[in-house]
Protein chains: 2
Amino acid sequence: MEKIRTIEIKKSIFDANEIDADKLRKKLKEKKIYLLNLMSSPGSGKTTTLIQVINRLKDKYRIGVMEADIDGDVDAIKIAEKTGVKSVQLHTGGMCHLDAEMTEIGIDGLDAKDIDLLILENVGNLVCPAEFDTGAVKSAVILSVPEGHDKPLKYPLMFQVCDLVMINKIDVMPYFDFDMDKVKEFIHMRNPNATIVPISAKTGEGIDKVVEYLDKEVAAWIK
Amino acid sequence: MEKIRTIEIKKSIFDANEIDADKLRKKLKEKKIYLLNLMSSPGSGKTTTLIQVINRLKDKYRIGVMEADIDGDVDAIKIAEKTGVKSVQLHTGGMCHLDAEMTEIGIDGLDAKDIDLLILENVGNLVCPAEFDTGAVKSAVILSVPEGHDKPLKYPLMFQVCDLVMINKIDVMPYFDFDMDKVKEFIHMRNPNATIVPISAKTGEGIDKVVEYLDKEVAAWIK
């Protein structure tokens, strides 16, 4: 294809964020709080998945949720109504991601001292949140079937930094050209150790495997 | 819901981008090039929609495409193969959006002087690209049915800055809880003048209306 030329227009980003993130992680370890950073594109099903997971884990752990959004508070209200756990809305005021400093402000605001498992639902964005370590113990991403199996190729950093990848909306697999084998291959190209779990937050299929993963993680962190 | 508290963690962004964007728009007017900035979440169907639109307009206008991606060049190759028009891949090197300066670098790189309609496929992201005027004459966004009809409420700026909103993947409407009337209402709350066109880039349904919109726009700009 001689018509294709590629132009590099990279800009550099410098940040003291990594130092803040490591400090926050140490603080969370001392306080025995497991922080999970949950990311995805808009509309991949983060909130619905969280409700399913929380309702299966809330009798075992004290859970809190921080809902980061540019505006609005529908997600925090939904989480509180459907699960009864402590939740707080974080407004980013147009910012496309959370960094460690913003996450810590959220944790202080939630008054998280009596919490075992704290989940941060990051801004719906497959690009920027991947660049900023929030101080979470682990990061997870949801990719939904309608988005296509090629996304790990086009948004590589997101899949590189996530330990848990949930493939959501598998209930609509018959209506999309989505190749589950290929998506697994593409994800493992970015992160050979990623745990990949196909789920349907709508029907509940696969949620038990997510719960199993989180249960092991939290138990090991807070023991 | 007394459990919900909202914490503002806004940061300010200062930029000379608007001045650059206005300069670029004037330059494009002089050169009789109509620039469309096309945005959406990852996987909403930008490239597939473009192929459908370009193949219906390429006999009337000289068309060029700039494909902005963090990495890879699959989209630029796809456009060139499926439409035969001039295309270039822009690598943002991790950046989540294009600004006017980056867009101008792309235009120079494409050598766009013999082009009537130039389409910029922005980075797949419903947040950041909305904040940066690229210098385009108009901006368009694609929202796909699986993403949900609530997105204009959660990502208001994107729908506020776009003149054309395409609702894609209407062929899978029966399998999702997507309310077309509500999405139209939510979009018009943000932008009462937005042109909303339901489409299926897969089946071609509704594409003629997008073509009609662009045809009028381009003809008026380059006359």
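Which residues have the most contacts inside the largest nonpolar core? They are Val165(A) and Val165(B), in a core of 142 residues. Such a core is a set of buried Ala, Val, Leu, Ile, Met, Phe, Trp, Tyr and Cys residues joined through C-beta atoms within 7 Å; a residue is buried if 20 or more other C-beta atoms, placed from the backbone, lie within 10 Å of its own, exposed if 12 or fewer, and partly exposed in between. The model is predicted: local features need pLDDT of at least 70 and side-chain atom pairs pLDDT 80 or more, whereas totals for chains, interfaces and linings use all residues. Residues are numbered from 1 along each chain as its sequence is written, with chains lettered from A in the order in which they are written.

Leaving aside residues up to four places away in sequence, Val165(A) touches Val141(A), Leu143(A), Phe159(A), Ile187(A), Ala194(A) and Ile196(A), contact meaning C-beta atoms, placed from the backbone, within 7 Å.

Helix 3 of chain B spans residues 74-83, with Asp75(B), Ala76(B), Ile79(B) and Ala80(B) buried. These buried residues fall within an arc of 135° seen down the helix axis, so they line one face; the arc is that of the directions from the axis to the C-beta atoms. Helices (H or I, at least four residues) and strands (E, at least two) are DSSP runs numbered from the N terminus. The cover over this face includes helix 2, strand 3, strand 4 and strand 5 of chain B. Just after helix 3, Gly84(B) takes a positive phi of about 80°.

Phe186(B) lies in helix 7 of chain B and touches His149(B), Pro152(B) and Leu153(B), not counting residues up to four places away in sequence.

Methods. Two residues are in contact if their C-beta atoms, placed from the backbone, lie within 7 Å.
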